[in-house]
Amino acid sequence: MSTPHNNAESTAFAKTVLMPGDPLRAKYIAENFLENAKLVNNVRNVLGYTGTYKGHPISVMASGMGIPSIGIYSYELYEFFGVENIVRIGSAGSYTERLNVMDVALAESAYSDSTFALTTSGSTENTFFPSPELNEIILRKAAELKITCKNAKVHSSDAFYTTPAVGSWKEISDRTKTECVEMESFGLFHNAKMLGKRATCLLTISDSFCSNQTLTAEERQNSFTQMMTLALESAIEF
(Lines give C-alpha, C1' and ligand atoms only; values in the text may rest on other atoms or scores of the structure.)
Protein backbone atom coordinates (compact mmCIF):
# COMPACT_ATOMS: atom_id res chain seq x y z
CA MET A 1 0.00 0.00 0.00
CA SER A 2 1.51 3.30 -1.04
CA THR A 3 0.69 6.69 0.44
CA PRO A 4 1.24 10.23 -0.89
CA HIS A 5 4.65 10.21 0.82
CA ASN A 6 5.74 6.56 0.72
CA ASN A 7 5.79 4.24 -2.30
CA ALA A 8 6.81 1.12 -0.39
CA GLU A 9 4.90 -2.15 -0.48
CA SER A 10 2.63 -2.65 2.54
CA THR A 11 4.98 -5.26 4.04
CA ALA A 12 8.22 -3.51 3.13
CA PHE A 13 9.03 -2.15 6.59
CA ALA A 14 10.16 -4.07 9.65
CA LYS A 15 8.23 -3.71 12.91
CA THR A 16 10.99 -1.41 14.18
CA VAL A 17 12.16 1.67 12.26
CA LEU A 18 15.14 3.85 13.13
CA MET A 19 14.41 7.40 12.03
CA PRO A 20 17.17 9.96 11.48
CA GLY A 21 16.21 13.34 10.11
CA ASP A 22 18.68 13.35 7.23
CA PRO A 23 18.06 11.02 4.24
CA LEU A 24 21.83 10.70 3.78
CA ARG A 25 22.17 9.51 7.37
CA ALA A 26 19.54 6.87 6.66
CA LYS A 27 21.56 5.82 3.61
CA TYR A 28 24.75 5.73 5.69
CA ILE A 29 23.18 3.48 8.32
CA ALA A 30 21.72 1.15 5.70
CA GLU A 31 25.03 0.82 3.86
CA ASN A 32 27.28 0.52 6.91
CA PHE A 33 25.23 -1.31 9.52
CA LEU A 34 22.50 -3.36 7.83
CA GLU A 35 22.88 -6.56 5.83
CA ASN A 36 21.11 -6.96 2.50
CA ALA A 37 19.62 -3.48 2.81
CA LYS A 38 17.02 -2.70 0.16
CA LEU A 39 15.71 0.75 -0.76
CA VAL A 40 11.95 0.60 -0.19
CA ASN A 41 10.97 4.27 -0.38
CA ASN A 42 12.38 7.23 -2.29
CA VAL A 43 9.45 9.64 -2.59
CA ARG A 44 10.84 13.20 -2.34
CA ASN A 45 14.22 11.56 -1.68
CA VAL A 46 13.11 10.73 1.87
CA LEU A 47 14.99 7.45 1.73
CA GLY A 48 13.75 4.32 3.48
CA TYR A 49 15.58 0.98 3.67
CA THR A 50 14.91 -2.45 5.13
CA GLY A 51 17.59 -5.01 5.91
CA THR A 52 18.75 -7.11 8.81
CA TYR A 53 20.98 -6.47 11.79
CA LYS A 54 22.43 -9.62 13.36
CA GLY A 55 19.67 -11.54 11.63
CA HIS A 56 16.82 -9.33 12.82
CA PRO A 57 14.71 -7.29 10.35
CA ILE A 58 15.27 -3.55 10.86
CA SER A 59 14.22 -0.56 8.79
CA VAL A 60 15.70 2.91 8.66
CA MET A 61 13.94 5.89 7.11
CA ALA A 62 14.46 9.63 7.18
CA SER A 63 11.93 11.89 8.87
CA GLY A 64 12.94 15.23 7.39
CA MET A 65 13.14 18.31 9.60
CA GLY A 66 10.50 19.50 12.04
CA ILE A 67 7.41 18.21 13.81
CA PRO A 68 5.10 18.39 10.75
CA SER A 69 7.53 16.29 8.69
CA ILE A 70 8.07 13.53 11.24
CA GLY A 71 4.36 13.77 11.95
CA ILE A 72 3.56 12.71 8.39
CA TYR A 73 6.12 9.92 8.10
CA SER A 74 5.61 8.40 11.54
CA TYR A 75 1.83 8.46 11.15
CA GLU A 76 1.98 6.65 7.82
CA LEU A 77 4.48 4.07 9.07
CA TYR A 78 2.34 3.32 12.12
CA GLU A 79 -1.05 3.43 10.43
CA PHE A 80 -0.44 1.95 6.97
CA PHE A 81 2.78 -0.10 7.10
CA GLY A 82 2.41 -2.11 10.30
CA VAL A 83 5.27 -0.45 12.16
CA GLU A 84 5.14 -0.87 15.94
CA ASN A 85 8.30 0.91 17.16
CA ILE A 86 10.04 4.05 15.94
CA VAL A 87 13.32 5.28 17.39
CA ARG A 88 14.25 8.79 16.35
CA ILE A 89 18.04 9.04 16.14
CA GLY A 90 19.02 12.64 15.69
CA SER A 91 21.05 15.60 16.85
CA ALA A 92 20.34 18.18 19.51
CA GLY A 93 21.73 21.40 20.94
CA SER A 94 22.60 21.37 24.61
CA TYR A 95 21.19 23.91 27.08
CA THR A 96 23.29 22.58 29.97
CA GLU A 97 26.90 21.84 30.86
CA ARG A 98 25.75 18.31 31.81
CA LEU A 99 25.32 17.49 28.09
CA ASN A 100 28.50 17.98 26.06
CA VAL A 101 29.12 17.74 22.33
CA MET A 102 29.10 14.07 21.19
CA ASP A 103 27.27 12.90 24.34
CA VAL A 104 24.42 10.45 23.75
CA ALA A 105 21.11 11.48 25.32
CA LEU A 106 17.86 9.56 25.72
CA ALA A 107 14.66 11.58 25.78
CA GLU A 108 12.63 11.16 28.95
CA SER A 109 10.06 13.74 27.80
CA ALA A 110 9.46 16.17 24.93
CA TYR A 111 8.01 19.65 25.52
CA SER A 112 6.82 21.90 22.71
CA ASP A 113 4.89 25.12 22.11
CA SER A 114 3.78 23.58 18.79
CA THR A 115 0.08 23.38 17.91
CA PHE A 116 0.71 20.02 16.18
CA ALA A 117 -1.05 17.93 18.83
CA LEU A 118 -3.98 20.33 19.05
CA THR A 119 -4.41 20.37 15.28
CA THR A 120 -3.97 16.62 14.87
CA SER A 121 -5.99 15.21 17.74
CA GLY A 122 -7.37 18.10 19.77
CA SER A 123 -4.86 17.50 22.55
CA THR A 124 -3.85 20.53 24.62
CA GLU A 125 -0.88 18.74 26.22
CA ASN A 126 2.49 20.42 25.78
CA THR A 127 4.57 17.43 26.92
CA PHE A 128 4.58 13.88 25.57
CA PHE A 129 6.60 10.92 26.72
CA PRO A 130 8.50 8.04 25.10
CA SER A 131 7.75 4.39 25.69
CA PRO A 132 9.09 3.40 29.12
CA GLU A 133 9.61 -0.15 27.84
CA LEU A 134 11.82 0.99 24.96
CA ASN A 135 13.77 3.36 27.22
CA GLU A 136 14.38 0.59 29.74
CA ILE A 137 15.82 -1.64 27.03
CA ILE A 138 18.03 1.16 25.69
CA LEU A 139 19.44 2.02 29.13
CA ARG A 140 20.13 -1.63 29.89
CA LYS A 141 21.84 -2.10 26.52
CA ALA A 142 23.88 1.08 27.01
CA ALA A 143 25.20 -0.32 30.29
CA GLU A 144 26.10 -3.62 28.59
CA LEU A 145 27.91 -1.79 25.78
CA LYS A 146 29.56 0.65 28.20
CA ILE A 147 28.06 3.58 26.31
CA THR A 148 27.24 6.56 28.52
CA CYS A 149 23.61 7.47 27.82
CA LYS A 150 22.18 10.43 29.71
CA ASN A 151 18.46 10.93 30.28
CA ALA A 152 17.31 14.38 29.19
CA LYS A 153 14.19 16.50 29.04
CA VAL A 154 13.89 17.61 25.40
CA HIS A 155 12.56 20.84 23.92
CA SER A 156 11.03 20.25 20.47
CA SER A 157 11.10 23.64 18.82
CA ASP A 158 9.15 24.72 15.75
CA ALA A 159 11.86 27.23 14.85
CA PHE A 160 15.56 26.77 14.17
CA TYR A 161 16.20 30.52 14.10
CA THR A 162 14.70 32.88 16.69
CA THR A 163 14.97 36.57 17.54
CA PRO A 164 15.74 38.10 20.94
CA ALA A 165 12.01 38.78 21.33
CA VAL A 166 11.44 35.16 22.40
CA GLY A 167 14.22 35.27 24.98
CA SER A 168 17.72 33.88 25.25
CA TRP A 169 18.42 30.16 25.12
CA LYS A 170 18.82 30.24 28.89
CA GLU A 171 15.41 31.86 29.32
CA ILE A 172 13.85 29.29 26.95
CA SER A 173 15.48 26.44 28.87
CA ASP A 174 14.24 27.84 32.18
CA ARG A 175 10.70 28.35 30.86
CA THR A 176 10.39 24.94 29.23
CA LYS A 177 12.32 23.07 31.97
CA THR A 178 14.33 21.32 29.23
CA GLU A 179 18.00 20.45 28.80
CA CYS A 180 18.46 20.24 25.03
CA VAL A 181 16.66 21.30 21.87
CA GLU A 182 15.71 19.50 18.65
CA MET A 183 12.71 19.69 16.32
CA GLU A 184 10.91 16.34 16.04
CA SER A 185 10.37 14.15 19.11
CA PHE A 186 7.18 15.87 20.35
CA GLY A 187 5.37 14.98 17.11
CA LEU A 188 6.65 11.41 17.15
CA PHE A 189 5.64 10.82 20.78
CA HIS A 190 2.21 12.32 20.17
CA ASN A 191 1.56 10.04 17.19
CA ALA A 192 2.70 6.97 19.10
CA LYS A 193 0.34 7.79 21.97
CA MET A 194 -2.56 8.58 19.64
CA LEU A 195 -2.16 5.34 17.65
CA GLY A 196 -1.26 2.98 20.50
CA LYS A 197 2.30 2.42 19.26
CA ARG A 198 5.76 2.82 20.82
CA ALA A 199 8.42 5.47 20.24
CA THR A 200 11.53 6.92 21.78
CA CYS A 201 14.34 9.27 20.84
CA LEU A 202 18.11 8.94 21.03
CA LEU A 203 20.12 12.10 20.42
CA THR A 204 23.74 12.98 19.91
CA ILE A 205 24.64 16.43 21.15
CA SER A 206 25.90 18.23 18.07
CA ASP A 207 26.34 21.69 19.55
CA SER A 208 26.32 23.42 22.90
CA PHE A 209 24.84 26.78 23.76
CA CYS A 210 27.04 26.76 26.87
CA SER A 211 30.41 26.23 25.16
CA ASN A 212 29.55 27.40 21.61
CA GLN A 213 31.13 24.19 20.29
CA THR A 214 29.49 22.71 17.19
CA LEU A 215 29.88 19.89 14.66
CA THR A 216 29.94 20.27 10.89
CA ALA A 217 27.16 18.92 8.68
CA GLU A 218 29.48 16.11 7.50
CA GLU A 219 30.35 15.19 11.09
CA ARG A 220 26.65 15.06 11.95
CA GLN A 221 25.98 12.77 9.00
CA ASN A 222 28.80 10.29 9.54
CA SER A 223 30.11 10.35 13.11
CA PHE A 224 27.17 9.42 15.35
CA THR A 225 28.28 5.79 15.50
CA GLN A 226 27.78 5.28 19.24
CA MET A 227 24.16 6.40 19.01
CA MET A 228 23.57 4.28 15.89
CA THR A 229 25.12 1.19 17.49
CA LEU A 230 23.09 1.65 20.69
CA ALA A 231 19.88 2.08 18.69
CA LEU A 232 20.51 -1.04 16.61
CA GLU A 233 21.59 -3.23 19.52
CA SER A 234 18.49 -2.14 21.45
CA ALA A 235 16.11 -2.48 18.49
CA ILE A 236 16.75 -6.20 18.09
CA GLU A 237 15.38 -6.67 21.62
CA PHE A 238 12.16 -4.69 21.15
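Mentor: Let's take helix 2, where Ile 67, Ser 69, Ile 70, Gly 71, Tyr 73, Ser 74, Glu 76, Leu 77 and Tyr 78 are buried. Buried means under 20% relative accessible area, exposed means over 50%, and partly exposed is in between (1.4 Å probe, protein chains only). Helices (H or I, at least four residues) and strands (E, at least two) are DSSP runs, numbered from the N terminus. Before going on, keep in mind that this is a predicted model, where local features need pLDDT of at least 70, side-chain atom pairs count only at pLDDT 80 or more, and totals for chains, interfaces and linings use all residues. Residues are numbered from 1 along each chain as its sequence is written, and side-chain values use heavy atoms, with hydrogens and water left out.

How long is the helix? Helix 2 runs over residues 67–80, and its 14 residues should span 20 Å at 1.5 Å a residue; the end C-alpha atoms are 19 Å apart, which agrees. The expected span is 1.5 Å times one less than the number of residues. After helix 2 comes Gly 82, with a positive phi near 70°.

Now for one of those buried residues, Glu 76. Its side chain makes a polar contact of 2.7 Å with the side chain of His 5. A polar contact is a pair of N or O atoms within 3.5 Å; within protein, one must be able to donate a hydrogen and the other to accept it, and residues adjacent in sequence count only if both atoms are side-chain atoms. His 5 sits in the segment before strand 1 (16–19), and it counts as buried because its relative accessibility is 18%. Not counting residues up to four places away in sequence, His 5 touches Ile 72, Tyr 73 and Glu 76, along with Asn 41 and Val 43. Contact here means heavy atoms within 4.5 Å.

At the other end of the numbering, Ile 67 is buried too. Ser 114 is in contact with Ile 67, and also with Asp 158 and Phe 186, leaving aside neighbours within four places in sequence. You'll find Ser 114 in the loop between strand 6 (104–111) and helix 3 (116–121). With 14% relative accessibility, Ser 114 counts as buried, and a polar atom of its side chain lies 2.9 Å from the backbone nitrogen of Phe 116.

What about the rings? A search of the whole structure finds 8 aromatic pairs. One of them joins Tyr 75 and Phe 80: the ring centres are 6.1 Å apart and the planes are at 70°, so the pair is edge-to-face. Rings of Phe, Tyr and Trp (its six-membered ring) pair if their centres lie within 6.5 Å; planes under 30 degrees apart count as stacked, over 60 as edge-to-face and the rest as tilted. Tyr 75 counts as partly exposed at 30% relative accessibility, and Phe 80 counts as partly exposed at 32%.
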